[in-house]
Amino acid sequence: MVHVGIGYDVHALVAGRPLFLGGVEIPHTHGLDGHSDADALLHAITDAVLGAIGDVDIGHLFPNTDPAWRNAPSRIFVEEAARRVRAMGGRIVNIDASLVAERPKIYPYIGQMKECIAAALGIPASKVGVKATTNERLGFVGRQEGIAAMAVASVDLPEPPAAALA
Ligand code: MG
């Protein structure tokens with residue numbers, strides 16, 4: 001049975017931090033602020049996968065009060081979500097995600113992002129969608145104060161035996 005999950009994340013843009021999106025470091029004047037590497041795209045994907053299997057969210061699994069995750073590569077979070085799917089006997093069918101960023105231009109990095117995300121999830125890159133749009137200069141994204149990401153995941157999970165449903 002295919003289950004779907006949704007994920008959303010925002011991080012603020014600040015000077016003096018590298019910009020990581022989809023596991024790829026992108027040259028830019030600003031980077032995303034956060035406890036880990038603040039990769040909003042990988043965080044949204046992690047929550048989408050966790051949501052599809054009815055698990056707790058990324059903030060519960062990897063609290064930003066835990067020094068272990070300071071500047072951690074967010075690939076770790078994606079890998080853990082995928083591991084939890086496999087532990088349930090499940091299979092990630094596909095991922096789709098959108099980045100909302102005024103700058104920098106994301107398109108040149110999309111292919112690399114798909115490869116990184118697919119490798120972290122253990123699925124082919126053909127099963128990963130990543131798009132990018134601006135926010136038409138509106139709101140906090142439009143003012144380049146932050147970057148938002150949203151993602152959906154579909155996960156094929158084995159049906160529990162009928163007795164387990166009773
Ligand atoms: Mg986050």
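Predicted model: local features only at pLDDT ≥ 70, side-chain atom pairs only at ≥ 80, totals over all residues.

Colleague: Where does Arg-137 lie, and is Arg-137 buried or exposed?

Modeller: Arg-137 belongs to the loop between strand E6 (128–133) and helix H5 (139–142). Its phi is also positive, about 65 degrees, although Arg-137 is not a glycine. With a relative accessible area of 71%, against a cut-off of over 50%, Arg-137 is exposed.

Colleague: Which protein donors hold the magnesium ion?

Modeller: On geometry in general, ideal angles at a metal are 109.5 degrees for four tetrahedral donors, and 90 or 180 degrees for six octahedral ones. Here the protein donors are Asp-9 (OD), His-11 (NE2) and His-43 (ND1), at 2.1 to 2.2 Å from the magnesium ion. Their spacing along the chain is D-x1-H-x31-H. Asp-9 in strand E1 (residues 2–15) and His-43 in helix H1 (residues 40–52) are 34 residues apart, and the pair links distant parts of the chain. Both Asp-9 and His-43 are buried.

Colleague: How many of the 13 residues of H1 are buried?

Modeller: A general point on helices comes before the case: an α-helix has 3.6 residues a turn, so residues three or four places apart point the same way. In H1, 12 of the 13 residues are buried, so H1 is largely enclosed by the rest of the structure. Among them are Leu-41, His-43, Ile-45 and Val-49. Just after H1, Gly-54 adopts a positive phi of about 70 degrees.

Colleague: At what angle do the axes of H3 and H4 cross?

Modeller: Two packed helices are described by the angle between their axes and the distance between the axes. The axes of helix H3 (residues 75–87) and helix H4 (residues 110–121) cross at roughly 45 degrees and come within 8 Å. The two helices are therefore oblique to each other. In H3, Arg-75, Val-78, Glu-79, Ala-82 and Arg-86 meet Cys-116, Ala-119, Ala-120 and Leu-121 of H4. The residues of this contact comprise 6 nonpolar, no polar and 3 charged.

Colleague: Which residues does a cis peptide bond join?

Modeller: Arg-103 and Pro-104 are joined in this way, with omega about -5 degrees. Pro-104 is placed in the loop between strand E5 (91–100) and H4.

Methods. Residues numbered from 1 in each chain as written. Heavy atoms only, no water. Donors = N, O, S within 2.8 Å, 3.2 Å for Na, K, Ca; no water. Helix = DSSP H or I, 4+ residues; strand = E, 2+ residues; numbered from the N terminus. Buried < 20%, exposed > 50% of the residue type's maximum accessible area, 1.4 Å probe, protein only. Axes fitted to C-alpha atoms, helices over the stretch in contact; angles between N-to-C directions. Parallel < 35°, antiparallel > 145°, perpendicular 65-115°, else oblique. Contact = heavy atoms within 4.5 Å. Nonpolar A, V, L, I, M, F, W, Y, C, P; charged D, E, K, R; others polar.
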